[in-house]
Amino acid sequence: MKYLARRAIRAFALLIAVSVLCFLFTEMAPGSFFDEMRLNPQISPETISNLRSRYGLDQPLVERYGHWLLAVAHGDLGYSIAYNAPVAPLLWTRALNTLLLTTTAMVLTWLIGVPLGVWTATWRGKWLDRIVETGNSLLISIPEIVIALGLLAWAVRSRAVPIGGMISLSHDDLSGWGKLRDVLQHLLLPTAILVLAGVSIVVRHVRASVGEVLDAPFVRAGRGLGIGQVRLLFRHVLPVAASPGITLFGFSIASLLSGSLLVEVTTGWPGLGPLLLEATFARDLYLVIGGIIFSAVFLLAGNFIADLLLMASDPRIRTGGVNAE
Amino acid sequence: MRNKRRIRYLLVALAVSHLVVVFAGFIAPCDAKQQDRSLPYAPPTRMHFVGASGFHFRPFVFASLADADGYREDRTREYPVHFFVKGSSYAVFGMIKSDVHLFGVDAPARFMLLGADAFGRDEFSRLLWGGQISLAAGLLATLITLTTAAVIGTVSGFHGGWVDEALMGVSELFLSLPWLYFLLGVRAFLPLHVSPTGTFFLLIGVIGLIGWARPARLVRGVVLSARNRNYVSAARGFGASDLYLLRTHILPATFSVLLTQAAMLVPLYVAAEATLSFFGLGVSEPVPSWGNMLAALQHYSVLVSYDWLLAPAAALVVTSVMYGMLADALDS
């Protein structure tokens, strides 16, 4: 419990630090949203300075940060200048879309990756394992942007799956089931890209950790005692080999919000990624900060969940024997 | 032993591919910015050996003619491919000036190995010139990351105590940043219109400074274990200074970690540059980089119509696979 409390406090402190960092960067940056307006002769300098004070941009940094922090404590992430709307609801609707995509992809990645990793680990050195391993190392080094463009080119050409956005134009006319099917079809392409980009890492980690445990003396002893292959694997090997996998799973959860930026932008999925990219170009300050904080929260929560899972699975951490940094 | 040989082969292959990019000016037939508005999206020029007068050992090409459905070859005149021809001037390493190119054909024909982009710029030349930017970005950013990581990791592991705690706390902060979003954020707060050189160095600095946390932790671990070795304690007992210990016993122990990390980071950073430039936040036109060359493919119509514009993606794959194999080989 003490260990968890310490982790939670640390995560909170990190979140504060991330937000401070964001504000420092905004202060250091030379441009602002209103720079473009200043070039427009129809907008008077008074209007701009009024706008600046309305959005609190004329106050000193510390004061601005204080206001922002107080607002965040009330669940208000500030006001988007470009959208002329509060940031939090904007982020939420987009974040839900992102989560729909990334959770589907994560579940699939792990459902494919773990069995494949365990399976190749038990076949280590055989030709089948070599084939999977070679393919895997190739896949692991192909940049995500290439995978995305490749699959996209294939999809546009073959017209096998719908591309762009989350729903078809005729979405509103569809029945309940039709709507679900429509979204699922649009989900196919971005999910496929994310799974292809992520599965090789899972396979590699699982294969390495299971393989390591399979070589351990206690497994050989178990085999000598006549424990069956299946029972040995599931009862004795996998629980021991789970720890690194769980840490990686935590990373997966952690990157649920921030890991799909590229895929969202290339396939036009209306998630957090395109929103933030637009906000970047528009220098929509609070939206960018809100987005970063949003994904940082997820990152830290993911790490925290990984800690919880690790504690549940590894008695050494539970008793405080090992510091699981 | 087999591993050692594999590392050697990979290093040679990497050296060759990097040299090709370094000598882009010589190998590329023309300048990266040279446009030919009459040849937008021209397909790769085909090399011929058999012409009207029979078989030639010297390959020749035909000039391209635009017609209703794309381009066709103007078969009336053959343009033989010449080697070591004079063309646009360039400089290797920014110092050695020259105007000799490896190959070329007489005007008005163009020899475009990988076709042309929307402005009729030679994709092959741009691939090589862009490789200079992309690879330099990856290598320099890696250098920044590893230098920072080595310094922080060594100080942290060697000094210990509160310095260690503080530095590792900061590293945890950097590990908990959603880095692509953060990169976007940092870019958002920087002026949008900076000179290409300015953006290039900003990009390298930002990419390089974000990634130091993980390698720094690895270095710290190595330093910690090296510091407590018996021979290090013995040397300390004989009155060796900290600096001496670091130089002779501790820093050499970190080299293998740093090398493996370098082989892992370079392709990662090359891809990071490509991703940012793809979004239009990195190296800006007309300077080519693999990322901003790929940006043209954001339009689905371009993506499916002109296969040769995927060349930078292929270059990215080749680079990443070579570095990835090197990292694997170094690791084992």
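**Domain arrangement and a helix pair in the predicted model**

In this predicted model, the C-alpha centres of domain 1 and domain 2 of chain B lie 40 Å apart. According to the domain assignment, domain 1 of chain B covers residues 45–111, and domain 2 of chain B covers residues 127–331.

Chain A is likewise divided into domain 1, comprising residues 2–87, and domain 2, comprising residues 88–318. Between the C-alpha centres of domain 1 of chain A and domain 2 of chain A, the separation is 32 Å. Contact between these two domains of chain A involves 25 residues of domain 1 and 21 residues of domain 2. On the side of domain 1 of chain A that touches domain 2 of chain A, at least two residues are supplied by each of α1 (2–28), β1 (79–80) and β2 (85–86) of chain A. Of the contributions to this side of domain 1, that of α1(A) is the most, at 10 residues. When the residues on the side of domain 1 of chain A that touches domain 2 of chain A are sorted by class, 16 are nonpolar, seven are polar and two are charged.

With regard to chain A as a whole, its secondary structure consists of 14 helices and two strands. Of its 325 residues, 35% count as buried.

Helix α7 of chain B, spanning residues 213–227, packs with helix α9 of chain B, spanning residues 242–278, at an angle of about 150 degrees, and the axes of the two helices are 9 Å apart. Because angles over 145 degrees count as roughly antiparallel, α7(B) is described as roughly antiparallel to α9(B). The crossing of α7(B) and α9(B) is right-handed. From α7(B), the residues that take part in the contact are P215(B), L218(B), V219(B), V222(B), V223(B), A226(B) and R227(B), and these meet H249(B), I250(B), A253(B), T254(B), V257(B) and Q261(B) in α9(B). By class, nine nonpolar, three polar and one charged residues make up the contact of α7(B) with α9(B).

Key:
Residues numbered from 1 in each chain as written. Chains lettered and ligands numbered in written order. Predicted model: local features only at pLDDT ≥ 70, side-chain atom pairs only at ≥ 80, totals over all residues. Axes fitted to C-alpha atoms, helices over the stretch in contact; angles between N-to-C directions. Helix = DSSP H or I, 4+ residues; strand = E, 2+ residues; numbered from the N terminus. Parallel < 35°, antiparallel > 145°, perpendicular 65-115°, else oblique. Left-handed = near helix turned anticlockwise from the far one by under 90°. Contact = placed C-beta atoms within 7 Å. Nonpolar A, V, L, I, M, F, W, Y, C, P; charged D, E, K, R; others polar. Domains from an automatic or database assignment. Buried ≥ 20, exposed ≤ 12 C-beta atoms within 10 Å, placed from the backbone.
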